Amino acid sequence: MSMMSSGKVGYLIALEGIKFYIVIPACSSIIIQYPLQSIGVEGGIRVKHKFIDGHNDTLMKCEKGVGSFFKGTNEGHIDWPRGKKAGFAAGFFAVFCPNPDSDPLPVAYSTKKGYEKPLPRPLDFSYAYRYTNKVMARFFQLEKESDGRFLVAKTIKDLERSIQDDDVMAGILHMEGAEGIDENLDALSVYYEAGLRSLGPVWSRANTFGEGVPYRFPSSPDTGPGLTENGKRLVKECNKLGIMIDLSHLNEKGFWDVAEISDHPLVATHSNAHAICPVTRNLTDKQIDAIGASNGLIGVTYSINPNMVTSDGKNNEAAKITDITEHIHYIVDRIGIDHVALGSDFDGTRVPTMLKDVTGVPKLFHQLKKEGWSDEDIEKLACKNWLRVLSEIWKD
Ligand SMILES: [Zn+2]
């Protein structure tokens with residue numbers, strides 16, 4: 001394994017039987033590893049990029065301990081060995097509160113043209129608070145038990161380090177639904193001090209801050225009321241602290257409330273284009289335009305159950321890489337290359353069989369390259385756009 005020195009961008013291109021570097025001076029956002037034989041792209045030119053991923057639910061797999069994360073398993077989508085093999089430098093690690101066993105999630109039912117899943121009932125605060133702390137403790141345990149291989153990212157420098165150092169993975173602590181935060185927002189400041197740098201006010205349910213979208217296909221995301229007064233205070237406080245607001249599960253009214261109140265670039269960490277796949281969780285053209293106008297970012301998700309990728313809305317494990325790149329192209333054509341990134345939703349959903357897990361991500365870069373993207377373009381999608389937006393939002 002070799003690594004490019006800090007302060008340079010290197011592209012290692014492996015032709016069949018020939019390997020060589022092209023080194024481009026200047027920015028430091030992508031360092032390419034060697035060797036490449038395990039990337040999994042068949043034939044032709046194989047290009048590996050370091051990347052930052054906008055959303056994963058991997059902490060849910062660490063509930064009983066973090067040992068298997070470092071050892072590696074074949075389960076789910078992300079662990080340290082598979083992540084490093086793929087070029088996963090850093091990612092948003094979500095703290096998410098599942099429904100308690102006593103109150104299971106409602107099941108989806110078929111409608112004339114698709115399906116609808118009713119909104120789950122709000123969670124009890126004391127349950128959510130306890131659960132949040134338990135999952136956050138696992139996140140910090142990842143760093144403690146990593147022998148320096150896992151870094152809690154609190155600054156842009158931490159992210160840059162994960163890009164430059166092949167042996168370091170960085171995690172950005174994210175809350176997916178603020179159920180574990182009290183109305184006084186006391187827990188918010190404690191979580192910030194601990195390392196929280198990103199927060200979605202709601203998951204797809206209601207809480208004291210607002211209401212998320214139910215999963216419904218086909219449907220507009222305009223499904224319910226916007227932010228509550230508590231939600232508006234939460235957004236302002238996140239602005240003050242430098243915590244990124246994630247719009248991905250908010251309904252449309254909530255989205256526009258954040259757009260009006262927040263000083264930060266608008267970010268949807270794991271959502272696609274509604275014009276292609278009209279599920280409530282995807283973004284309408286108007287929302288996409290607002291994100292672009294705010295200098296914000298959309299992390300494209302690979303979720304196919306629930307399906308956020310293909311136009312039929314049906315669970316579709318046979319979805320192709322081009323079905324995902326279609327969303328990337330759509331967003332780029334509308335608001336430009338600076339406003340699109342990756343937001344897998346690994347370990348929180350099912351992904352197309354041909355992607356399999358995090359080791360499939362280089363196939364996306366390979367596909368974009370085949371479709372005419374330059375290395376510079378791929379570099380923006382892979383990590384430069386995340387670095388730009390987070391450096392606007394974070395305090396350091
Ligand atoms: Zn989600």
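1. Start with Arg138. This residue counts as buried because it has 20 C-beta neighbours inside 10 Å. The cut-offs run as follows: buried is 20 or more other C-beta atoms within 10 Å of a residue's own, exposed is 12 or fewer, and partly exposed is in between, with C-beta atoms placed from the backbone. Arg138 is found in helix H3, residues 125–144. Helices (H or I, at least four residues) and strands (E, at least two) are DSSP runs, numbered from the N terminus.

2. A word on the source. This is a predicted model, in which local features need pLDDT of at least 70 and side-chain atom pairs count only at pLDDT 80 or more, while totals for chains, interfaces and linings use all residues. Residues are numbered from 1 along each chain as its sequence is written.

3. What does Arg138 touch, not counting residues up to four places away in sequence? The list is Leu59, Cys62, Glu63 and Val66. Touching here means contact: two C-beta atoms, placed from the backbone, lie within 7 Å. Arg138 and Lys64 are 74 residues apart in sequence, yet 8.6 Å apart in space, C-alpha to C-alpha.

4. Now the whole chain. It has 396 residues, and 52% of them count as buried. It holds 11 helices and 17 strands. Take the contacts between residues at least 6 apart in sequence: 70% of them join residues at least 24 apart.

5. Leaving out residues up to four places away in sequence, Ile298 touches several residues, among them Ala268, Leu283, Ile331 and His339.

6. Helix H4 spans residues 156–164, and its buried residues are Asp158, Leu159, Ser162, Ile163 and Gln164. What do they pack against? The partners are strands E4 (51–56), E5 (88–95), E8 (150–152) and E9 (169–176), plus helix H11 (375–393). E4 is largely enclosed by the rest of the structure, because 6 of its 6 residues are buried. E4 and E5 pair in the parallel sense over 4 bridges. Pairing requires that DSSP finds at least two bridges between two strands. The bridge partner of Asn56 in E5 is Phe93.

7. Check the helix pair H6 and H7. Two packed helices are described by the angle between their axes and the distance between the axes. H6 (residues 229–241) and H7 (residues 252–261) pack at about 45 degrees, with axes 10 Å apart. Axes are lines fitted to C-alpha atoms, for helices over the stretch in contact, and angles run from 0 to 180 degrees between N-to-C directions. That angle makes H6 oblique to H7. Under 35 degrees counts as roughly parallel, over 145 as roughly antiparallel, 65 to 115 as roughly perpendicular, and the rest as oblique. Lys232, Val235 and Lys236 of H6 meet Asp257, Val258 and Ile261 of H7.

8. H7 has other partners. Its buried residues are Glu252, Gly254, Phe255, Asp257 and Val258. These pack against strand E12 (210–211), H6, strand E14 (244–245) and helix H8 (285–293).

9. Next, an open sheet. It has 3 strands in the order E6-E7-E13, with antiparallel pairing. Which are the edge strands? They are E6 (109–110) and E13 (216–217), each pairing on one side only. E7 (residues 115–116) and E13 share 2 bridges. Tyr115 has Phe217 as its bridge partner in E13.

10. Some backbone details deserve a look. Most residues other than glycine have a negative phi, and most peptide bonds are trans. A cis bond joins Phe217 and Pro218, with omega about -15 degrees. Pro218 sits in the loop between E13 and H6. Another cis bond joins Asn305 and Pro306, with omega about 5 degrees. Pro306 is in the loop between strand E16 (297–300) and helix H9 (321–335).

11. Last, positive phi. Asp347 is not a glycine, but its phi is about 65 degrees. Lys356 is not a glycine either, and its phi is about 70 degrees. Asp347 lies in the loop between strand E17 (340–342) and helix H10 (361–370). Lys356 lies in the loop between E17 and H10. Buried or partly exposed? Asp347 is buried, with 23 other C-beta atoms within 10 Å. Lys356 is partly exposed, with 14.
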